[in-house]
Protein chains: 4
Amino acid sequence: MIADLARCVAEAYEVALPHRGKGKVADYIPALATVDPNRFGFALALPDGTVHTAGDVDIPFSIQSVSKVFTLALALRRLGSSLWTSVGREPSGSAFNSIVQLESENGIPRNPLINAGAIATTDRLIDGRGDEATVAEILDFLRARAGDDSIAIDAEVAASESETGARNRSLGYFMKGFGNLHHPVEEALGVYFRQCAIAMSCRQLARAGLFLAMEGRDPITGEQLIKPHRARRINAIMMLCGHYDNSGEFAFRVGLPGKSGVGGGILCIAPGQGSIAVWSPGLTEAGTSLVGAVALEHFAYAAGWSVFD
Amino acid sequence: MIADLARCVAEAYEVALPHRGKGKVADYIPALATVDPNRFGFALALPDGTVHTAGDVDIPFSIQSVSKVFTLALALRRLGSSLWTSVGREPSGSAFNSIVQLESENGIPRNPLINAGAIATTDRLIDGRGDEATVAEILDFLRARAGDDSIAIDAEVAASESETGARNRSLGYFMKGFGNLHHPVEEALGVYFRQCAIAMSCRQLARAGLFLAMEGRDPITGEQLIKPHRARRINAIMMLCGHYDNSGEFAFRVGLPGKSGVGGGILCIAPGQGSIAVWSPGLTEAGTSLVGAVALEHFAYAAGWSVFD
Amino acid sequence: MIADLARCVAEAYEVALPHRGKGKVADYIPALATVDPNRFGFALALPDGTVHTAGDVDIPFSIQSVSKVFTLALALRRLGSSLWTSVGREPSGSAFNSIVQLESENGIPRNPLINAGAIATTDRLIDGRGDEATVAEILDFLRARAGDDSIAIDAEVAASESETGARNRSLGYFMKGFGNLHHPVEEALGVYFRQCAIAMSCRQLARAGLFLAMEGRDPITGEQLIKPHRARRINAIMMLCGHYDNSGEFAFRVGLPGKSGVGGGILCIAPGQGSIAVWSPGLTEAGTSLVGAVALEHFAYAAGWSVFD
Amino acid sequence: MIADLARCVAEAYEVALPHRGKGKVADYIPALATVDPNRFGFALALPDGTVHTAGDVDIPFSIQSVSKVFTLALALRRLGSSLWTSVGREPSGSAFNSIVQLESENGIPRNPLINAGAIATTDRLIDGRGDEATVAEILDFLRARAGDDSIAIDAEVAASESETGARNRSLGYFMKGFGNLHHPVEEALGVYFRQCAIAMSCRQLARAGLFLAMEGRDPITGEQLIKPHRARRINAIMMLCGHYDNSGEFAFRVGLPGKSGVGGGILCIAPGQGSIAVWSPGLTEAGTSLVGAVALEHFAYAAGWSVFD
């Protein structure tokens, strides 16, 4: 079976390779625009510690919105169900940065994977500790998961995110106006912009997501990081909301919970099986890595891992 | 394993039984309002023909919106991908009968499981044949799946649906105004109201859904009813959109593709495993059977079938 | 002063004449599409019975939405303030046929001059009498105002309106679903489509609007048709809502309460002074007669009648 | 006639007096909440310099949103028609602080009298000069109009506005995200919060609005402050948009262009006749001075100034 999965990874990589360079690299900040569009990595982490890889799996990239999954896990661990007073758990049916729903629903974002919801989640994660301590917790968590203390924030990306972050500030102040942020907007955004600017490789990211595939337990360190039903909750949210208004298409094509980022990374969880990270910068119109989605679709099919078949 | 599943069914029934009578029976038409709120049935159909049951599994009830799953399957079989010119495949983030999204998206409903999308799907299924032939196809399909020619439309319910169907007519005419219905509105609605008024028992419904668990193949008759990837598509849509703006909660709690109806029925598909139908008339605020959801949650947990663990 | 107004009419006609043929003739029904785009008439009716005219003032045209003003007057006369339980009195900020606002405001349209509001108004005007009696009242009222019993409904236009009326049916059924129509949708629409298909000349229309300029009293017949404050109400609604989402521009340019129709007619009320009807079929993007608006703007300026100067 | 107007003012004051204390004083900032709810002033300024008064006409109050009219005039004077690239001129159909319309219309607010539109207008008025120079221009303009150099900003109110200004910050950053603010958000808001905190008396405010009644010319100083058609534009916008989603009711009741503020002030323009300022802190649900609106309604009726009769 291990041999088979290695072959599935290799095949998925080969199938997707001809699509490299297609799609549009995110260019709203300079640091993302200059990434080589031909980069492509695929890493599958298994609970026994095996990692099957293909391509550029050791080059760090900006994880961007993939970070929302980890801050959600940390916020649930810290706050438990009380998190759900600040953010919902349903698909929004809207774009990643829409504000319309917030107005009719009293400043409570629909789910933690749209921007407003991620900002609200990060705000709760701060929990009075200040931004530095919160950023440190996020970084420490990812370093511990990936077993690599070199994981860091790309300061240039973080600064650019903040400079161009007018829409996210608007979301933040809108929620603040409804009393749905517990800390100053700039404090919550300060953490949010930095979490988005964390740079990780496919190998690290796949490894870091493994606890979500294993009912909240890191199979490498043996730690129960979050309760099993919280891992289930996160996976369900990823399946239904992980790709904004393109979540249905991803669910059909790949059939696994996943979260994409505009840096070109996608984290995919196969519950009970393993964790997959792909990276290729060219994006579809929906903001998902074009090559990455092709590779994941083929892999899920080849491995028989789609939950819908 | 078969013995285990029988026990899981029995357990799920027992766990949910104390909740009977809770929730609110749909009362927008008289025929639904008079149903005994203490009815409760649970049926699990397996690919080998086994059906594990508990409670009122042989009493027909109004399947209502559960019918949308079957007309979607029939429309995909008949029209293939061209169906997607009339209806989308993404969560709407709105209530079952919302019209707001239709205005900004040119009369194309978000998915086939909200009312507007189901009407558009049924309209396409007619395909120029007229309403009688279309209703006949739907009934024949369900009778063949359930192996029971007595399955029928409750004429009183169908008449009531039509009489109280102003909102659905509005949705129909709105789409018609955008050129997104191929037949007269009353023709499409005539089929739609009757499909919603089909009466089936839990045993029949569980059996009828089995092909969706088996990649489009009816394991009892051996017929390949729809292509495997179309079954996957339907399951993905059910997971993301099967319970309107409560789909996220159902996905978390049960972890299986499902579709609820205001008659109190829920059809749940466990891909590769089996098909489950529950029925109990009391509804949550979100319009899903309260007792049914409790039973499904327990069953999925006990059987280990949630796709998110 | 009477001589001056005659000159103002002549000047306004001359100024607007070079614009004839510009704009787009409504073509959603054949009967409107075949109208000669070069038609242009301008009629000013004064309280003393004088009518100053220029151009095609005796050719009947389809008054379309201008009819909404008269059914509003009749409904207020018949029902008094109870009309406002069915329809609001504020600008909608939306297009003439938008349904979005209806969903969030329980099926109550914003004002009587958008389609939904006009249908609700007409529905109330029926008041249990049936469609024929209601249509007869509308026609009789217009004939009495214009002093011309030959005013009639264009049957071909009325039939076409009904055939292409899907969007209006959707609005009607939507309100019906909220319980905000007192009669069957088709009965209300039957009257509505016919009132829109009434054909009148500029001379007749200007004369018919005179009571709105004179505090509800027809200065020719001496009849007090509606109470003074109801005429004020109608004028205020025309000023704020008479041109859908282009009302602000018309208020600035012309500075008088007015109502446009897609047949190319505009009725304009100068409170205390007189009533103006213009007609030219070419429409702006906002659905208002292009030549008519130019003429009205010049006339209001020349006569010093803008209420904002 | 002058005597008559004096009597009309006195009558309007008497009629409204029994309503003092009704309504709800704005309490979102402490400085507003402590105002005596029984204050009530009425001032009518005429072009010849006469001012008819009744009640508390020399006590300064926070003009709040009434300031939007003056910054609109100044922005039009400075920028001319290019202002309309940043803000529209149509009713919004929404609440004063709604953000929904901004999302679908690319960050361009509907009109300069809703909060977003006023912020955009103030941003344009800055025109690269910095906040201090802009605030100085606004203050100088009002002092010159009122002939009183003591008019000042209430620093406590301005500070409170800024502290509680999350929703306005959200609107500002939202527009910034669409590129529809020319200066930093905090710079535009810094001016906006201070203009709202200007304190003026009824006498001063009535006097300051006189140029809008006189085609842009201050009849006391003889200066042509803005072009005549710009005064007409401002009056039209006030009539259609001056009271948010309650503008239709005000237009019907008073029949004059007006602008209300949550401090309880209302400025009303009678084109060609005069300018009226009323003040009483108790607000209707729509945020308009309850006593002020009653007084204006009676005055407009008694003076025969409603433009709709």
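So, how many salt bridges are there between chain A and chain D? The count is two, taking a salt bridge as a side-chain nitrogen of Lys or Arg within 4 Å of a carboxyl oxygen of Asp or Glu.

Before I go on, some housekeeping. This is a predicted model, where local features need pLDDT of at least 70 and side-chain atom pairs count only at pLDDT 80 or more, while totals for chains, interfaces and linings use all residues. Residues are numbered from 1 along each chain as its sequence is written, chains are lettered from A and ligands numbered from 1 in the order in which they are written, and side-chain values use heavy atoms, with hydrogens and water left out.

On confidence: chain A averages a pLDDT of 96, and 99% of the residues score at least 70. pLDDT, by the way, is the predictor's confidence in each residue, from 0 to 100. The model scores come out at ipTM 0.95 and pTM 0.96.

Okay, back to A and D. Here 14 residues of chain A are in contact with 14 residues of chain D, contact being heavy atoms within 4.5 Å. Together the two chains bury about 1,200 Å², and 68% of it is on carbon and sulfur atoms. Buried area here is the accessible area, with a 1.4 Å probe, that two parts lose on being put together, summed over both. Within chain A, E103(A), R167(A) and Y173(A) lose the most area to chain D, together 41% of what that side buries.

One of the salt bridges joins E103(D) to R167(A), with the closest N and O atoms 3.4 Å apart. Which elements of chain A give two or more residues to the side that touches chain D? Those are α4 (100-104) and α8 (166-177), and α8(A) gives the most, with eight residues. Helices here are DSSP runs (H or I, at least four residues), as are strands (E, at least two), numbered from the N terminus.

Now the symmetry bit. A rotation of 180° with 0.0 Å of shift along its axis superposes chain A on chain D, RMSD 0.0 Å. That is the relation of a two-fold axis. Of chain A's residues, S170(A) comes closest to the rotation axis, with its C-alpha at 2.0 Å. And 100% of the interface residues of chain A are also interface residues in chain D, so the copies meet through the same surface.

Next up, chain B against chain A. There, 31 residues of chain B are in contact with 31 residues of chain A, and the buried area is about 2,800 Å², of which carbon and sulfur atoms give 56%. In chain B, R232(B), F252(B) and F308(B) lose the most area to chain A, together 28% of what that side buries.

How many salt bridges does the rule find across this one? Six. Among the salt bridges is E249(A) with R233(B), where the closest N and O atoms are 3.3 Å apart. As for elements, α12 (228-241) and α13 (247-253) of chain B each give two or more residues to the side that touches chain A. The largest share, eight residues, comes from α12(B).

Key. Copies are superposed by least squares on the C-alpha atoms of residues with pLDDT of at least 70 in both.
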